[in-house]
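Here is my note on the model, as numbered points. Please read it with the structure open.

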Number of protein chains: 2
Amino acid sequence: MNAEIISVGTELILGQIADTNAVCIARRLAECGFNVLYKTAVGDDIDALGAALRIATERAELIIVTGGLGPTEDDITRQAVAAVLGVELSLNEDAFRHMQELFLLRHLEIPPTNKIQAMIPSGGTIIPNKIGTASGFAVTFRRAEIICLPGVPVEMKQMLEEWVIPHILKKSGLVQTKAIRYVHTFGMSESMVDEKIKGLMGRENNPRAGTMVGEGVVSICLCADAESRAKALELLDEAEREVRRLLGEVVFGIDGEGLEHAVAYLLKRGDKTIATAESCTGGLVSDLLTNVPGVSDCFVEGIVAYSNKVKVEILGVPEGLIYTVGAVSPEVACAMAGGVRRRANVDIGLGITGIAGPTGATPDKPAGLVYIAFETDSDVICKERRFLGERVNVKRQAALEALNMVRLYLLSMGNASS
Amino acid sequence: MNAEIISVGTELILGQIADTNAVCIARRLAECGFNVLYKTAVGDDIDALGAALRIATERAELIIVTGGLGPTEDDITRQAVAAVLGVELSLNEDAFRHMQELFLLRHLEIPPTNKIQAMIPSGGTIIPNKIGTASGFAVTFRRAEIICLPGVPVEMKQMLEEWVIPHILKKSGLVQTKAIRYVHTFGMSESMVDEKIKGLMGRENNPRAGTMVGEGVVSICLCADAESRAKALELLDEAEREVRRLLGEVVFGIDGEGLEHAVAYLLKRGDKTIATAESCTGGLVSDLLTNVPGVSDCFVEGIVAYSNKVKVEILGVPEGLIYTVGAVSPEVACAMAGGVRRRANVDIGLGITGIAGPTGATPDKPAGLVYIAFETDSDVICKERRFLGERVNVKRQAALEALNMVRLYLLSMGNASS
């Protein structure tokens, strides 16, 4: 069974917007056993969308369309689908009642333009939207089913899980026999990862492994196919163990886990606390760490010491040291780490200082030069790194490198004590 | 003239990767006067890519393909194009020599598998890749030109600007007569923005305006078409002024500018300094602010006060106050703002406290409840907000709201003093 995803919106073509909806849908469809070979973004143009729908229905049994269900003139999905089917739009009473309730809750009148959101192509099936005003719908065209969902991710996801997935599984007679898992690594190049796991990458492998790179993280995508989803998940567990065996400690997590999750997990496991003192990363490390729910048990405080004054006053970095060796130096990074560790009374103090650029560079201290230090009761470690790229890239690479240093240290401590 | 973009790679369908290449290409093609109606992602499958190419050549004069030019078995773009054309691949001597030089520089032998990267469909034109080993190529199929570029963004961009854009402008006789600008707003719903600027949104307008939403920001995309790019830019200037007039102070920037750029600009203009005290946002505000080059002139320090101890010790929040009204309260938000302002000796102190969730909520203090306060020498302002969504969404909305509060305050000060 082939499926396709069509995302509607000129912003998806011209805008700097990642189409997270399509990724989420593709993965769920693949897990349900559908073959997802195409993902198309179409501008807000009735004819262009109509043409894309016709092509899709010739090569796929299932087409999921997202976006273009809003109340404005630009929103053309329901009209385009009706035109392809050669039917009119008609008001769905249930959907209109639901919309009335939502507006009532907010003590608002329904603007006349919004009524269109309760209209679907005649003969179609409504897909309730519990959260928003844009109802979805499903229609059949030739041998294909076209399912239209709103573009707002939280609404789309809720409708996908509660209506679409059960519906297509029931209708297709498919069961979820596939499963996908991402295994993330940091600190090894993609070609080296490829080399180490090449035994898992052949087309005949099950699960089959492939690699992809994003922001310094090399991820291995494992895709398993078995007679049941439970069995597929078992195969994934086995393959994940094998990947971890082959790659060792560069593996830091799976699926939605970032380096910050790995660090938070290891801190909790080891009953350790941490505090950060950041200069060039400007709070990015503490921002990432505090994305992890419940991290307040181990992350106590972060000092963004952008001025030398703060480094001296809060972190106790000796003013003379800054004067002698400069704020961007291994000595100051170590003093920041030690300073925040003592101030916060934690197990691990992390200090980062560097030149994010493009300004602030000197002949011997180029943009991208970063010192990352951490102090524990037994160790002081400082690394020098030179990152390339623009300011935000330098910040991100430095923050990830810092988190990875802490992760590897906590790992080695855990291994030593166990 | 119609153009299409095809991105090759299963990771673009299943992976959590934003296709930044396609966005960049679409915008440049639009600015060159091409109509970009479709953007398709295709998995690593020769037949699927072949079918997509055939469809694209029927509806567009220019097809730009990115990705699938690597040396591995998964890389199928050159083979798929050759199959569509019904020709063989042949080695391009120039490209091979270039590859030899690159490997020599790294003191490496060319692995046998890499030779394929210097092969292009017979009769095609090579597009030099100055940075990497994957050469691009251009071929003609029926009335369309197919241009294939590598997926590595830095290589793709260099080849796009140096070879593709000059080539297609020359060949098509087009000149860059279009220009695109995004105008960003915060604090007004998309439908209200639509309502206010609807006079600019009709299909006959030049520039034509459309709106799009991303992470709380409503953006107006202005697309101008004139007899020259200079004239198109003039039209954009006029339209931007009109949008600003219609929408007022909800407009905070254009194109790559975020709220943090607006705040940094206004701080510099007013010669003001700021310091932040963040609890639930965990450093996100300072992270955003420090993304702006040169912000160190006005951003002095940020305290991520995740524990009550830090709120008391560094920010001087009275312990009794936290005990009486709770850490998530307008009183503590104000005390944090005042505390960091005095500690850092700055003009504006910003304090944020709240419950990012999912843990930490109480019956009267639900997840998503956030207090944002700021203190200046003349004012203390605190706002209560209730954000929906997951932890990271709550953090982001709170951070943007905080930046916007500061922005509006600085704007009003600027207006009052001028």
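1. **B:R27 and its partner.** Start at B:R27, which counts as buried at 17% relative accessibility. Buried means under 20% relative accessible area, exposed over 50%, and partly exposed in between (1.4 Å probe, protein chains only). The side chains of B:R27 and B:D255 meet in a salt bridge, 3.5 Å from N to O. A salt bridge here is a side-chain nitrogen of Lys or Arg within 4 Å of a carboxyl oxygen of Asp or Glu. B:R27 lies in helix 2 (residues 20-31) of chain B and B:D255 in the loop between strand 12 (251-254) and helix 9 (259-269) of chain B, so the pair ties together parts that are 228 residues apart in sequence. B:D255 is partly exposed, with a relative accessible area of 29%. Helices (H or I, at least four residues) and strands (E, at least two) are DSSP runs, numbered from the N terminus.

2. **Ground rules.** This is a predicted model, in which local features need pLDDT of at least 70 and side-chain atom pairs count only at pLDDT 80 or more, while totals for chains, interfaces and linings use all residues. Residues are numbered from 1 along each chain as its sequence is written, chains are lettered from A and ligands numbered from 1 in the order in which they are written, and side-chain values use heavy atoms, with hydrogens and water left out.

3. **B:R343.** Which residue of chain A forms a salt bridge with B:R343? The partner is A:E313, with the closest N and O atoms 2.9 Å apart. B:R343 lies in helix 13 (residues 330-344) of chain B and A:E313 in helix 11 (residues 308-313) of chain A, so the pair joins two chains. A:E313 is partly exposed, at 42% relative accessible area. B:R343 also forms a salt bridge with B:E301, at 2.7 Å between the closest N and O atoms. B:E301 sits in strand 14 (residues 299-305) of chain B, so this pair ties together parts that are 42 residues apart in sequence. Both B:R343 and B:E301 are buried.

4. In chain A, shared partners link A:R27, A:R28, A:E31, A:E161, A:R229 and A:D255 into one network of salt bridges. Over all chains, the structure holds 45 salt bridges.

5. **Chain A overall.** Chain A has 14 helices and 17 strands. Of its 418 residues, 58% count as buried. Its C-alpha atoms fill a box of roughly 80 × 55 × 40 Å along the principal axes.

6. **The cavity.** How many cavities of 30 Å³ or more does the structure hold? It holds one. The largest cavity has a volume of about 100 Å³. Of the 14 residues that line the largest cavity, the closest to its centre are A:T40, A:R59, B:T40, B:I55 and B:R59. Strand 1 (2-8) and helix 3 (46-59) of chain A, with strand 1 (2-8) and helix 3 (46-59) of chain B, each supply at least two lining residues. A cavity is a set of points on a 1 Å grid over the protein atoms alone where a 1.4 Å probe fits but cannot get out; lining residues have an atom within 4 Å of a point.

7. **Helix 4 of chain A.** The buried residues of helix 4 (residues 77-85) are A:T77, A:R78, A:A80, A:V81, A:A82 and A:V84. A:G86 follows this helix, with a positive phi near 70 degrees.

8. **Backbone points to check.** Most residues other than glycine have a negative phi, and most peptide bonds are trans. The peptide bond from A:N206 to A:P207 is cis, with omega near 0 degrees. A:P207 is in the loop between helix 7 (190-197) and strand 10 (208-214) of chain A. Another cis peptide bond joins A:G357 and A:P358, with omega about -5 degrees. A:D271 has a positive phi, near 55 degrees, and counts as exposed at 67% relative accessibility. B:N345 has a positive phi near 55 degrees. B:N345 lies in the loop between helix 13 and strand 15 (348-354) of chain B, and is exposed, with a relative accessible area of 64%.

Key
1 Å grid on protein atoms, 1.4 Å probe; cavity = no way out; pocket = protein on both sides within 12 Å on 5 of 7 lines; lining within 4 Å. Points joined across faces, edges and corners; volume = space filled by probe spheres on them.
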